Amino acid sequence: MKFLIVGAGGLGSILAAHLVRAGYPAMLLARGNRADQLERDGVVLRGLLEFKQQVPVVRPGQLCDADVMMLCTKAY
């Protein structure tokens, strides 16, 4: 299955990095400076596990093929 993760903040980025690292096709929906940074540097995780993972970035308005969409945004 192909995953699209909407929300490239902390939770969405961690989820996408682990999915890609495990071999699943996953993409992050991001915009602006965050999209630029992800394309340039990838997702860098530090903590119990430390690794850097390139994750494909989809920008708003681009078409992509995904079977599963995960919404990882904050709601107040």
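This text walks through the salt bridges of the structure. The model is a predicted one. A salt bridge here pairs a side-chain nitrogen of Lys or Arg with a carboxyl oxygen of Asp or Glu, within 4 Å. By this rule the count comes to four salt bridges.

Start with K2 and D65. They form a salt bridge, and their closest N and O atoms are 2.9 Å apart. K2 sits in the segment before strand 1 (3–6), while D65 sits in the loop between strand 5 (57–58) and strand 6 (68–71), so the bridge ties together parts that are 63 residues apart in sequence. How accessible are the two partners? K2 is partly exposed, with a relative accessible area of 34%. D65 is partly exposed too, at 48%.

Now turn to D36 and R59. Here the closest N and O atoms of the salt bridge are 2.6 Å apart. D36 belongs to helix 2 (residues 32–41) and R59 to the loop between strand 5 and strand 6, so this pair ties together parts that are 23 residues apart in sequence. D36 has a relative accessible area of 35%, which counts as partly exposed. R59 is partly exposed at 25%. D36, E39 and R59 are linked in a network of salt bridges.

Is R40 buried or exposed? R40 counts as exposed, because its relative accessibility is 57% and exposed means over 50%. D41 has 26% relative accessibility and counts as partly exposed.

Methods
Residues are numbered from 1 along each chain as its sequence is written. This is a predicted model: local features need pLDDT of at least 70, side-chain atom pairs count only at pLDDT 80 or more; totals for chains, interfaces and linings use all residues. Side-chain values use heavy atoms; hydrogens and water are left out. Helices (H or I, at least four residues) and strands (E, at least two) are DSSP runs, numbered from the N terminus. Buried means under 20% relative accessible area, exposed over 50%, partly exposed in between (1.4 Å probe, protein chains only).
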